[in-house]
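Dear colleague,

Please find below the sequence and the structure that I am handing over to you. My notes on what was found follow directly after them.

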Amino acid sequence: MARPRIGISACLAGEPVRYDGTDRRQPVLLDWLRGFAELSSACPEVGIGLGVPRPTIGLVRVDGRTRVRGVADPSRDLTAALDDFARAQLPWLHTLDGYVFKARSPSCGVRAVPRRLEDGGEDREGQGHFAAFVQARFPGLPLADEEQLRDEAQRAAFEAAAWAYWRHRARGGADADNR
Ligand code: SF4
């Protein structure tokens, strides 16, 4: 049966791709998603060639822009590599009807990602670099993180939005919107 196709951060799907070699498998979330959708996973950090395990990276404000840099070695700037990875995913992203991202990741977080500021402080106003690309390029695509989807009402809203996007895409509307 044709049904929505949902992108998901690979660590949430159970792949041991995190910086420390672990995963963040979410059995309840996965069972629910698989009840109405096909899942397709990606890990941006592995996708740009970072190993597992790997040194941690984070968001940093520099000259009014947010960069992705090594935490222990801030001279290591991965922003351009993540941009290249994101652009290379466009054909795959065009096949999706929603995306579930790992919360608070500098690559995957959709909201409230910690960010180091130029004055030495920190806020929680950042967005993961890959998630920000997906949201900017596909403004109508339903996005959420696993923490939002613990709430029953938010799960119902996400599922309804994914089905609506799927119907819109089946009519060719989403591709036209996102050209
Ligand atoms: S949060 Fe994103 S970048 Fe980090 S391990 Fe999970 S899939 Fe990879």
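**Findings**

Ser9 has Ala42 in β2 as its bridge partner. Please bear in mind throughout that the model is predicted.

**The parallel sheet**

Strand β1, which covers residues 5-9, pairs with β2 in the parallel sense over five bridges. Another position in this pairing is Ile6, whose bridge partner in β2 is Leu39. These strands belong to an open sheet of four strands in the order β2-β1-β5-β8, and the pairing in the sheet is parallel. At its edges stand β2 (38-42) and β8 (143-145); each has a single partner strand, so one side of each is left without a neighbour in the sheet. From one strand to the next, the twist averages 25°. As for β1, four of its five residues are buried, so the strand is largely enclosed by the rest of the structure.

**The mixed sheet**

Another open sheet is formed by four strands in the order β4-β3-β6-β7, and here the pairing is mixed. Its edges are taken by β4 and β7, each with a single partner strand, so one side of each is left without a neighbour in the sheet. The twist in this sheet averages 45° from one strand to the next.

Within it, strand β3 (residues 57-62) is joined to β4 by six bridges, and the two run antiparallel. Leu59 stands opposite Val68 in β4. Strands β6 (residues 113-116) and β7 (residues 122-126) also run antiparallel and are joined by three bridges. Here Arg116 is placed opposite Glu122 in β7. The two strands form a hairpin with five residues between them, and Gly120 in the turn has a positive phi of about 95°.

How do strands of a sheet pair with one another? They do so through backbone hydrogen bonds, either parallel or antiparallel.

Strand β7 also contains Gly126. Is Gly126 buried or exposed? Gly126 has 24 other C-beta atoms within 10 Å and is therefore buried, the cut-off for a buried residue being 20 or more. Leaving aside residues up to four places away in sequence, Gly126 touches Leu59, Thr66, Val113, Pro114 and Arg115. Gly126 and Gly58 are 68 residues apart in sequence, while their C-alpha atoms are 9.9 Å apart in space.

**Helix α3**

In helix α3 (residues 79-88), the buried residues are Leu82, Phe85 and Ala86. Seen down the axis of α3, these buried residues fall within an arc of 100°, so they line one face of the helix. Residues three or four places apart in an α-helix point the same way, because there are 3.6 residues a turn. The other side of α3 carries the exposed residues Ala80, Asp84, Arg87 and Ala88. The cover over the buried residues of α3 includes α2 (44-47), β4 (65-70) and α5 (129-137).

**Backbone features in the loops**

- Val52 and Pro53 are joined by a cis peptide bond, with omega about -5°. Pro53 lies in the loop between α2 and β3.
- Arg104 has a positive phi of about 65°, although it is not a glycine. This residue lies in the loop between β5 (98-101) and β6. Arg104 has 17 other C-beta atoms within 10 Å and is partly exposed.
- Ala112, also a residue other than glycine, has a positive phi near 55°. Ala112 is found in the loop between β5 and β6. With 15 C-beta neighbours inside 10 Å, Ala112 counts as partly exposed.

Yours sincerely

Notes. Residues are numbered from 1 along each chain as its sequence is written. This is a predicted model: local features need pLDDT of at least 70, side-chain atom pairs count only at pLDDT 80 or more; totals for chains, interfaces and linings use all residues. A residue is buried if 20 or more other C-beta atoms lie within 10 Å of its own, exposed if 12 or fewer, and partly exposed in between; C-beta atoms are placed from the backbone. The arc is that of the directions from the helix axis to the C-beta atoms. Two residues are in contact if their C-beta atoms, placed from the backbone, lie within 7 Å. Two strands pair if DSSP finds at least two bridges between them. Axes are lines fitted to C-alpha atoms, for helices over the stretch in contact, and angles run from 0 to 180 degrees between N-to-C directions.
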